[in-house]
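The sequence and structure are shown first.

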Amino acid sequence: MSSAPPPPPVPVSVVGLGADGWDGLTAPARAALAGAEVLIGGPRQLELLPRDACGGARVAWPSPLRPAVPKLMAEHAGRRIAVLASGDPMFYGIGRALSEELGPGALHVLPHPSSVSYACARLGWPVEDTEVVTVVGRPVARLSAALYEGRRVLVLSPGAVTPNEIAALLRERGFGPSRMRVLEQLGSEHEDAYEGFAHSWEHPPGDRLNVVAVDCRRDPAAPAPRLGATPGLPDRAYEHDGQLTKRHVRAATLCALAPAPGELLWDIGGGSGSIGIEWMRTHPSCRAVTVERVAERAARITRNAAALGVPGLRVVTGAAPGALAGLPAPDAVFIGGGLTAPGLLDAAWEALAPGGRLVVNTVTLESEAVLTDRYRRHGGELVKLAVAHAVPVGGFTGWRQAMPVTQWSVTKPHPETAPTATTATTAVLPEMVDQTI
């Protein structure tokens with residue numbers, strides 16, 4: 001006789017909590033908390049629960065929080081667990097970590113209106129037209145990537161001094177005329193708000209539970225260049241020592257790399273970091289690792305990334321291919337320097353999964369010969385990019401030619417569709433001749 005199947009695991013209740021605490025909860029949320037044997041949350045959240053209604057053991061999250069999730073879940077497995085979250089648990093909340101660790105089927109999520117919903121309701125801003133940036137556990141520099149004339153941005157704040165930090169960043173980035181409104185304790189009886197302009201912000205720190213609303217207005221006289229949303233930022237947006245992929249070639253390079261949300265780029269020979277930075281600016285979920293052998297340039301890349309709103313760019317100081325060891329597998333690879341280093345191209349090609357993209361730029365004949373050989377073997381597209389700028393010539397105007405750049409771009413084929421060396425050569429040589437003359 002077969003034994004009965006084991007009972008299904010007890011789902012973890014994830015309960016969104018507002019600044020109004022117990023009074024603002026729905027009946028199902030209260031029932032989940034009242035019936036829990038273990039209550040896990042931040043100290044502030046746990047204090048909002050009445051002890052006579054919620055008798056479960058109280059466990060405060062340690063710091064750092066994310067590594068503690070699997071340990072605490074394992075310690076209390078089989079018990080009725082309720083995890084407290086701020087507002088909507090699935091919007092920059094603990095719900096993501098729990099879903100990744102336990103699987104979405106193991107959760108019973110009971111959301112509360114988020115601080116974003118409350119803020120937009122108070123401001124009269126349509127939620128779908130409002131940019132949201134979180135700097136909770138992240139650098140305030142992330143806000144820079146969202147600054148465009150006329151845009152409305154809500155910044156999820158980690159503390160009382162954050163509005164002052166935001167005002168300083170806005171002034172530094174040329175957005176001093178922007179109107180700022182700080183909304184505190186949203187949804188509670190202690191809700192409050194105050195406002196001002198970034199260029200004259202003098203408010204002292206207020207409540208630590210706040211959201212900052214920014215009406216973006218750029219100072220037309222600001223020395224910082226105006227930045228667009230597409231690749232090809234002005235060269236003067238970067239701090240550099242001459243090792244910089246210039247804007248027109250950079251735009252063509254990003255087009256060939258074709259970033260998509262969530263993808264990871266290896267930018268090898270980072271120089272000033274422009275390719276990795278503009279890859280990450282295409283979408284908030286795009287990631288990049290820049291490898292640069294010169295320590296001074298690596299430090300400069302870090303500063304450029306922060307200034308342009310992508311402080312999450314990972315910078316590895318070292319020479320490729322050795323410095324590539326242990327990096328997460330890329331979706332695309334760009335090589336902008338060191339092409340003749342032994343084994344570099346092979347290491348980049350091997351790191352790519354089928355469907356991954358490789359783009360290589362060079363200005364030397366020696367490296368061009370290497371690319372021509374790879375083009376014959378693997379196919380792809382080989383182009384020569386030439387840009388000329390109008391400059392004064394006496395009392396007239398003429399063209400000054402920049403050094404032409406040879407670019408090879410290729411998508412790694414699946415094994416069953418990979419061309420042989422012979423077919424690749426015969427198929428692509430006419431294209432190569434047409435595009436490089």
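## Helix packing and sheets

Helix 7 passes helix 8 in a right-handed crossing. In this predicted model, helix 7 (residues 247-257) and helix 8 (residues 274-281) pack with their axes 10 Å apart, at an angle of about 55°. The two helices, helix 7 and helix 8, are therefore oblique to each other. Helix 7 contributes Arg250, Thr253, Leu254 and Leu257 to the contact, and these meet Ser274, Ile275, Glu278 and Trp279 in helix 8. By type, the residues of this contact of helix 7 with helix 8 divide into 4 nonpolar, 2 polar and 2 charged.

Threonine 245 lies in the loop between strand 10 (210-215) and helix 7. Leaving aside residues up to four places away in sequence, threonine 245 touches Asp235, Arg250, Ser274 and Ile275. Arg250, Ser274 and Ile275 also take part in the contact between helix 7 and helix 8. Threonine 245 and glycine 273 are 28 residues apart in sequence, and their C-alpha atoms are 8.9 Å apart in space.

Strand 16 and strand 19 (residues 405-411) run antiparallel and are joined by 5 bridges. Within this pairing, valine 383 has glutamine 407 in strand 19 as its bridge partner.

Another open sheet consists of 5 strands in the order 3-2-4-1-5, and its pairing is parallel. Strand 3 (57-60) and strand 5 (107-110) stand at the edges with a single partner strand each, so one side of each has no neighbour in the sheet. The twist here averages 20° from one strand to the next. Strand 2 (residues 38-41) pairs with strand 3 in the parallel sense over 4 bridges, and valine 38 stands opposite alanine 57 in strand 3. Helix 1 (residues 27-34) lies across strand 1 (12-17), strand 2, strand 4 (81-86) and strand 5, and runs at about 125° to strand 1.

| Residues joined | Peptide bond | Omega |
|---|---|---|
| Serine 63 and proline 64 | cis | about 0° |
| Alanine 320 and proline 321 | cis | about 10° |

Proline 64 is placed in the loop between strand 3 and helix 3 (68-75), and proline 321 in the loop between strand 13 and strand 14. Glutamine 185, although not a glycine, has a positive phi of about 50°. This glutamine 185 is found in the loop between strand 8 (179-184) and strand 9 (192-197). Most residues other than glycine have a negative phi, and most peptide bonds are trans.

The pLDDT of the chain averages 92, and 93% of the residues score at least 70. Over residues 421-437 the pLDDT is below 50, and this stretch has 23 contacts in the model beyond near neighbours in sequence.

Note on methods. Residues are numbered from 1 along each chain as its sequence is written. This is a predicted model: local features need pLDDT of at least 70, side-chain atom pairs count only at pLDDT 80 or more; totals for chains, interfaces and linings use all residues. Side-chain values use heavy atoms; hydrogens and water are left out. Two strands pair if DSSP finds at least two bridges between them. Axes are lines fitted to C-alpha atoms, for helices over the stretch in contact, and angles run from 0 to 180 degrees between N-to-C directions. Contact means heavy atoms within 4.5 Å. Angles under 35 degrees count as roughly parallel, over 145 as roughly antiparallel, 65 to 115 as roughly perpendicular and the rest as oblique. A crossing is left-handed if the near helix is turned anticlockwise from the far one by less than a right angle, and right-handed if clockwise. Ala, Val, Leu, Ile, Met, Phe, Trp, Tyr, Cys and Pro count as nonpolar, Asp, Glu, Lys and Arg as charged, and the others, Gly among them, as polar. pLDDT is the predictor's confidence in each residue, from 0 to 100.
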